[in-house]
Amino acid sequence: MLRSGASKFAITTMLLWAAAAPVHAQQTSPNDSAATFNDIIVTAQRREERLQDVPLAVSAFTPDELTDRGVTRMEDLALVTPSFQTSRFVGRADAVSFGIRGQRLGDVRITNDPSVVTYIAEVPQMRPFGLGVLGFLDVRSVEVLRGPQGTLFGRNATGGAVLITPNLPTEAFEGHVRLTAGNYDRATGELVLSGGLAPTLSARAAVVVTSRDGWLENRGPFADLNSEDSTAARLTLLWEPSSAFSSVTYADYATFDGSGQSGSLVAVNPAGVINNYPLGTGGGAVAALAEQRASDFFSTRTSSATYSYSDVLGLSNTSTYQVNDSWLIKSILGYRQIEAGGLIDVDGTPYAVLQTEQASDTEQWSGELQIQYNGDRFSFIGGVFAFRETGEDGGIGTFFSGIAPPKNFAQSAENTSHSIFGEGTYNVTEAFSVTLGLRQTWDERQFTTRVRNGANCAVRTDAGVPYNPCSNTRSVEFDQLTWNLTGQYQFNPDHQIYGAIRRGYRTGGFNVGAETDSQMIPYAPETVDSYEVGYKGEFDWGDQALRFNIAAFVSDYQDVQKSVNRCITLPGATTCSLQTAIENAAAATIQGVELEATLIASDDLEMGLYYAYTDASYDEWNSVGAGGVPVDLRATRFGYLSEHKGGVWARYRLPLQVHGDIFVQGSAAFQSDAQLDDTSGPGVVQDGYTLYNARLEWRDIAPGVTFALWGNNLTNEEYMIGTNNVYASAGFVAAYLGEPRTYGVDLRFNF
């Protein structure tokens, strides 16, 4: 039986569908008094189109829409989008990774690719560091593409893509200043300036600076956790020497410093190793768990001072040449450099049980050349794409200090990808069209592992012989053909149905922390064959209008890449070594339904909802347990996936006789229970919960001035967003927590 919150969403959905069914018969001819929707322009098919014309499951938002619903950072996108999950990498606010339709990857380091790729100005961002700071800076739109993206986008993705499009410079001078103050001593200042520099050259500059104290109380003698000091900036230059040629250059920079992250202890295994630590004492973890349960939920304890940082620099250029009315040539070049690191207290106890100090230094280059053709009945996009990423992940891991020596690791990788692609759409009739897309991809990965346990080399053969020098290098190549076949029937400009078969692909890779030859064996690529049908429609009658989009899908998921925790005993060792590894979990089926609806009820009232039902199960997953014993893991739950997920929102305008209008806005986002890890055994389940956000805004209190009061998580819901589950090996589970209630004021001045 559904939980009560899920039932309410299901009932609301059915009522909305029942209400929408007869509306088509009542539809009136457009007139000046009828309510209408503003067209939402998206680039989901690499060209600008109306959202309602695109035969894809896409959610698209303007900055104002995100602000209205309390979405202020990238991770909040999960509160407004069906089948979309977000998570912080080990709790970091600056590093956000995504999942769509149950497909995600928890380890975001250089040896592994995400299942959902983020694009900023059409350039893929393969590592999430900086996204939490830079993501929403002066953007024109944010799009979430649900389902495999295997033909039009440079890096293949099995889950989907997030497209972030920055604002372009304007010829006329304009800009704004925004100031925000909130609890936990939050202070944010944002400045945007745009205007022409010369007859063919214009520029836009944006910068935002944020400071906030830590919201997770540290009961130890160290600073409260999750503080933030960040700066993000973007400079955009637009050069248009002729009506046929334009060139846009983007330069962005983001820096982040914080007091770091720690797990919050939620479980201790009575038979786990942790119960014999500290040496000669025993029971320390049990006492720590009792203390945690007796303390405030939004608190923890660290055994040392934690920290986190990241510095991100990006450069890109997009140039287009309009050969004639039908042909266009487009070039997209991108570069990104990332330095990130920090010290994480994983266990949240007074003892140095498990701590990791990490440092990452990566660079990526990408280039794409497109040719586009737009004719009366046929359109086409084709081209070539190249990508190269190099870097190193290193650090020190402390596992039961005093029992095992610190583990020093420095592991480097080089990832290259090349592809050729083409996708064409043919209008068979004025109403019916067929799209066929193909992409051939060639990937190569080279990986070098260097690991020492104290002074001893840990990089060994399977027979236990250390390598000299202490490193092992392997390389592997993969290739895959992916496709898209879509049929679309447009009843009229306001109503369409579509059906699509798409294949997505995510390349294989190597496991960070690999030490033996067997551990250096790469895991395989994964593929998803998705079967999707959908309907998009807009209805209007009088001063009311309804937009209703629904999609149903079934995904055949092969060679699923899953992240699991293992405790591996190396040859000659007496204790096991903790390792997070990725393995291919054979096959799974994911199916579901997604809908989004927006209703303009009157000139002053607008409301909407979204809902997703997702059912995911493994068809086959044979793994290896303790002692090398085969185990059948088909019953394992998909991590971080709620079966039911939905939300509602509303905005009401109170016209004033003088000095602008007041807008009252509120939203609620619900999700059913979810397992917060991908472990192969019993996991930690977060019960279903609902988050409430609200905003009271007075627009044009003076010309160009807006003042607002806002609050997020108004009921101070206590919930977890992720875990480190080493219950079966080290003997504990620690969780990362969602943010408590936050509130504040905004003041914005447009000029």
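Trainee: Which residue in strand 32 is the bridge partner of V554?

Mentor: The partner of V554 there is Q591. Strands are DSSP runs of E, at least two residues long, numbered from the N terminus. Two strands pair if DSSP finds at least two bridges between them. Strand 29 and strand 32 (residues 587-600) pair in the antiparallel sense over 14 bridges.

Trainee: What kind of model is this?

Mentor: This is a predicted model: local features need pLDDT of at least 70, side-chain atom pairs count only at pLDDT 80 or more, and totals for chains, interfaces and linings use all residues. Residues are numbered from 1 along each chain as its sequence is written, and side-chain values use heavy atoms, with hydrogens and water left out.

Trainee: What is the mean pLDDT of the chain?

Mentor: pLDDT is the predictor's confidence in each residue, from 0 to 100. The chain has a mean of 88, and 91% of its residues reach 70 or more. Over residues 1-33, the pLDDT is below 50. Beyond near neighbours in sequence, that stretch has 41 contacts in the model; contact means heavy atoms within 4.5 Å. Where pLDDT is low, the predicted coordinates should not be read in detail.

Trainee: Which strands form a hairpin?

Mentor: Strand 28 and strand 29 do, with two residues between them. In the turn, G542 has a positive phi of about 60°. Strand 28 covers residues 526-541 and strand 29 covers residues 544-558. They are antiparallel, with 15 bridges. E532 has F553 in strand 29 as its bridge partner.

Trainee: How do I read a sheet order such as 3-8-9-6-7?

Mentor: Strands of a sheet pair through backbone hydrogen bonds, either parallel or antiparallel. Here, five strands form an open sheet in that order, and the pairing is mixed. The edge strands are strand 3 (57-61) and strand 7 (123-125), each pairing on one side only. Five bridges link strand 3 to strand 8 (residues 139-146), and these two run antiparallel. A60 is bridged to E143 in strand 8.

Trainee: Is E697 buried or exposed?

Mentor: Buried means under 20% relative accessible area, exposed over 50%, partly exposed in between (1.4 Å probe, protein chains only). E697 has 6% relative accessibility, so E697 counts as buried. This residue is found in strand 40 (residues 689-702).

Trainee: Which side chains make polar contacts with the side chain of E697?

Mentor: A polar contact is a pair of N or O atoms within 3.5 Å; within protein, one must be able to donate a hydrogen and the other to accept it, and residues adjacent in sequence count only if both atoms are side-chain atoms. The side chain of E697 makes one with R695 at 2.9 Å and one with R699 at 2.4 Å.

Technical notes:
Helices (H or I, at least four residues) and strands (E, at least two) are DSSP runs, numbered from the N terminus.
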